[in-house]
Amino acid sequence: MENEQDKIISEVTDNEYKYGFFTEIESDTIAKGLSEEVVKIISSRKNEPEFMLEWRLKAFEYWKKMKMPNWAHLTIPEIDYQDIIYYSAPKQNAELASIDEIDPELKATFDRLGIPLDEQKKLSGVAVDAVMDSASIKTTFKENLADLGIIFCSMSEAVREHPDLIKKYLGSVVPYTDNFFATLNCAVFSDGSFVYIPKGVRCPMELSTYFRINAENTGQFERTLIIADEGSYVSYLEGCTAPKRDKNQLHAAVVELVALKNAEIKYSTVQNWYPGDKNGKGGIYNFVTKRGICKEDNAKISWTQVETGSAVTWKYPSCILKGDNTSAEFYSVAVTNNYQQADTGTKMMHIGKNTKSRIVSKGISAGQSQNSYRGLVKVLKNAENARNFSQCDSLLLGNNCGAHTFPYIEVDNKEAIVEHEATTSRIGEDQIFYCNQRGISTEDAIGLIVNGYAREVLNQLPMEFAVEAQKLLQISLEGSVG
Amino acid sequence: MSEVIKKSLVNDELVDAFRKNNAVIFEQTPDFINKLRSKYFNEFEALGLPTKKNEAYKYTDIESAFFGAYKRQYSPQPLTIDIREVFTCDVPELENHLMLVNGWFYDKENKLKLLPNGAIIGSLIEATKQFPELVEKHYGKYITEQNDSLSMLNMSFAQDGLFVYVPKGVIIEKPIQLINLIVATEELMIQPHNLIIAEEDSSVSVVICDHSLNPHAFLLNSTTEVMAGKNSKLEICRQQNAHDHSVQLTNTFILQKESSFVNSVYITLHGGTVRNNLYVKLSEPHAHNKSYGLWLADKNQHIDNNTFIHHAAPNCESNQLYKGILDNASTGVFSGRILVDRLAQKTIAFQSNKNLLMTNDAKTRSKPQLEIYADDVKCSHGSATGQLDEDAMFYLRQRGISKKEACHLLMLAFADDVINKISIAPLRDEITGLVEKRLRGELSRCNRCKVNCG
């Protein structure tokens with residue numbers, strides 16, 4: 001039994017990353033290195049207004065004085081920030097009138113990834129913004145959404161066409177001084193998605209962005225901003241992949257969510273950047289700052305993430321519960337295999353009255369990987385009746401991996417009820433025995449148990465994504481998921 | 001004067017004091033201790049006191065705690081009063097207590113007791129004179145793995161302390177009580193070092209009580225090293241009962257051998273700034289550790305309990321329960337880390353922290369941590385912060401119990417979960433009484449004690 005399990009686990013370790021292909025495409029790439037000049041070039045390529053350039057330069061100045069954080073439970077080799085290309089965009093004609101004008105190579109790439117850029121082949125109504133390297137390729141269903149007053153476009157377009165909203169909200173949740181990677185992102189971010197849902201509108205379809213790193217030696221720095229105005233609702237999905245390369249690539253994104261009165265934002269991520277090969281060579285360094293603010297009363301933000309990729313993940317989707325009666329959720333499944341490292345979790349800042357937050361984190365470690373949950377629940381002095389429940393479970397597959405939990409709980413109000421629970425274990429022999437007895441093979445049993453373990457989180461994903469996420473879990477732990 | 005300068009002055013003052021007085025300091029202790037002293041002093045000089053940037057001291061400002069014109073005694077000073085006259089301890093089974101006065105073994109006593117069964121109990125300095133080899137074998141051997149500057153500082157200055165040696169197979173029925181008494185007429189910094197060795201198959205209980213005889217500020221930075229040999233059974237209880245101007249820092253290092261069992265209970269009744277570091281290493285299979293803590297804080301008191309349980313061998317078990325009640329503008333901190341090595345399969349480790357907040361000015365900080373590198377383990381931690389249970393309160397009120405009394409009963413019940421983990425019955429009763437008084441807001445002084453602790 002022990003051996004059989006080991007065998008299955010070693011099969012898991014051997015599985016291949018199926019999105020690892022590379023697209024030969026002509027691209028507009030600038031030289032390696034980071035300087036004020038580079039920041040200016042990026043801004044000018046994007047035809048940005050003056051205020052954006054100023055903001056970028058301020059961020060760059062600030063970044064020069066910052067040091068890379070080293071508090072996470074991660075081993076990251078020295079990153080040479082001058083050895084990275086900060087802008088690379090697939091070359092295509094400036095303005096696209098229809099789908100036919102997209103470079104067929106590009107279209108083929110996204111078809112291969114299963115991303116429908118073609119509105120005819122729409123998959124149960126998901127609007128997609130596809131981003132390759134530094135530029136947004138195509139945003140689908142834009143017109144249909146515009147009828148409702150919803151703005152869904154690339155960030156560069158938003159900067160040009162909706163400067164008021166950008167001025168008001170960009171950097172309002174994650175300021176340019178926030179942290180090393182967020183500041184770097186502010187200086188050099190290239191593209192991303194922008195969403196604005198007007199008052200009282202319930203977005204009729206799932207909005208989604210698909211990020212793809214293609215070019216070599218580039219870093220991807222995208223920036224997403226979602227604003228849900230009073231009484232609106234939006235569900236947003238994010239997916240990502242990258243080709244297989246021996247060299248590590250940097251990805252430092254920033255996501256900001258703003259939920260106004262009675263608004264609700266649901267943000268789901270399936271992160272599947274290239275995790276490196278089974279010897280730990282290559283892979284994406286994924287340093288992401290995600291933060292949402294329930295700015296006014298009764299707002300709600302929900303983060304759901306399925307993290308299976310990246311060589312190193314440093315990511316803490318957080319919520320600021322500023323309005324009264326606001327609530328926030330964080331659901332996470334983080335799978336690490338081979339030599340992957342993940343340090344992920346959340347922050348819940350309770351500021352308003354009667355705020356509620358819920359954290360469910362499920363870590364699965366296999367191979368030689370290290371998987372950490374790190375979270376902070378803070379209840380401020382005036383946050384009366386705050387309520388938090390956190391549950392952080394870790395599952396270990398094999399005895400060469402590690403699972404860690406580092407929660408921080410800070411309570412300054414006597415009415416708060418804050419609970420944290422964490423367990424670490426492996427799949428029990430008795431559980432497998434129970435399944436075996438009923439004619440279920442060990443392999444299928446492990447699959448069942450892992451699936452059941454992650455179900456609480458997967459159930460939070462929108463239908464279309466839940467299927468993909470379940471498949472992803474199967475690929476990441478191939479041979480063990482039935 | 002800016003904070004930074006002030007802080008670096010604290011470090012400089014400690015370093016200067018050591019250099020200036022090293023002849024006197026070195027004179028009291030033998031070479032093997034002085035050798036370690038120099039080594040740890042160099043390390044301390046390089047590292048300095050922990051700052052708030054140090055992750056382990058994130059919530060406690062140790063440097064500020066060192067502000068103050070603390071005097072140090074580098075050799076035993078004569079006392080003007082007869083301690084036995086003014087101080088009595090009324091726990092029935094503990095009448096034969098040992099005393100450390102201002103960090104020095106009380107000189108009117110027989111400094112080192114040699115029991116017929118071979119056990120040695122008494123002054124550490126005296127033990128280094130009579131049993132140099134025995135002390136050398138153990139002194140400073142259990143703190144090496146932690147890079148903690150408070151224990152380095154203690155190792156630099158430490159001179160006297162409690163020495164307990166229980167030979168193979170010896171069972172000491174009666175608990176050994178050490179009273180750490182501070183009676184100075186000026187502000188004192190004292191840094192005693194205790195060494196407790198329990199050899200194979202032995203059993204012993206040690207009770208340490210920290211007391212002060214007058215309201216002068218003091219800083220106690222004490223280190224206790226404990227070695228629990230194969231199949232040994234040990235209990236360590238520490239009762240911290242001083243006043244608002246006290247700074248009490250304790251570092252306890254416990255090394256557990258095969259199948260040993262250690263029960264440690266820390267009760268913080270009263271203190272200004274308290275920081276308890278507990279480091280347990282389960283170095284051989286089947287070792288079992290239980291650690292408990294309770295803190296009651298009001299006013300501006302700051303109480304920080306920090307534990308680190310290291311499972312370095314398979315089949316070990318550890319269990320922790322830490323509870324705090326916080327009133328007024330006090331702060332309670334709990335940080336607990338469980339580390340399970342790759343080899344430590346079949347580990348069972350549990351940890352729980354519960355805090356009661358009585359006001360909106362009180363604060364709790366909780367940081368339970370699991371760091372696990374072995375797969376066949378059962379580990380969990382939990383942390384909960386809240387107020388008294390409304391249903392329980394309603395039940396009591398229904399039965400005609402006043403709100404104040406009901407509140408008191410529930411707090412006592414909350415505290416009792418930790419108190420009842422003390423296996424020495426008379427001490428348990430005494431502490432229950434003290435906690436009850438403390439919760440009522442009275443001075444928690446023992447009945448027969450003539451000392452004015454507050």
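Predicted model: local features only at pLDDT ≥ 70, side-chain atom pairs only at ≥ 80, totals over all residues.

Reader: Ok, which residues is A:Lys353 in contact with, leaving aside its neighbours within four places in sequence?
Author: Those are A:Asp324, A:Ala383, A:Glu384 and A:Asn385. For A:Asp324, 29 residues away along the chain, the C-alpha atoms are 4.7 Å from those of A:Lys353.

Reader: And where does A:Lys353 lie?
Author: In the loop between β19 (347–350) and β20 (356–365) of chain A. Helices (H or I, at least four residues) and strands (E, at least two) are DSSP runs, numbered from the N terminus.

Reader: How many other C-beta atoms does A:Lys353 have within 10 Å?
Author: It has 18, so A:Lys353 is partly exposed. The cut-offs: 20 or more other C-beta atoms within 10 Å of a residue's own is buried, 12 or fewer is exposed, and in between is partly exposed, with C-beta atoms placed from the backbone.

Reader: What about chain A overall, how many helices and strands?
Author: Chain A has 11 helices and 24 strands. Of its 482 residues, 56% are buried.

Reader: Which strands does β8(A) pair with?
Author: β6(A), residues 193–197, runs parallel to β8(A) with 4 bridges, and β11(A), residues 254–259, also pairs with β8(A) in the parallel sense, over 6 bridges. Pairing needs at least two DSSP bridges between the strands. A:Leu225 sits opposite A:Phe194 and opposite A:Glu256 in β11(A).

Reader: Now the chain A to chain B contact. How many residues from each?
Author: 30 residues from chain A and 32 residues from chain B. On the chain A side, β23 (402–411) and β24 (417–426) each supply at least two residues. That side divides into 12 nonpolar, 10 polar and 8 charged. Here Ala, Val, Leu, Ile, Met, Phe, Trp, Tyr, Cys and Pro count as nonpolar, Asp, Glu, Lys and Arg as charged, and the others, Gly among them, as polar.

Reader: How many bridges join β24(A) to β21 of chain B?
Author: There are 7, and β24(A) runs antiparallel to β21(B), residues 378–386. In β21(B), B:Ser380 is the bridge partner of A:Thr423.

Reader: Last topic, how do α9 and α10 of chain B cross?
Author: The axes of α9(B), residues 390–398, and α10(B), residues 403–419, come within 9 Å and cross at roughly 130 degrees. Axes are lines fitted to C-alpha atoms, for helices over the stretch in contact, and angles run from 0 to 180 degrees between N-to-C directions. α9(B) and α10(B) are therefore oblique to each other; angles under 35 degrees count as roughly parallel, over 145 as roughly antiparallel, 65 to 115 as roughly perpendicular and the rest as oblique.

Definitions and conventions. Residues numbered from 1 in each chain as written. Chains lettered and ligands numbered in written order. Contact = placed C-beta atoms within 7 Å.
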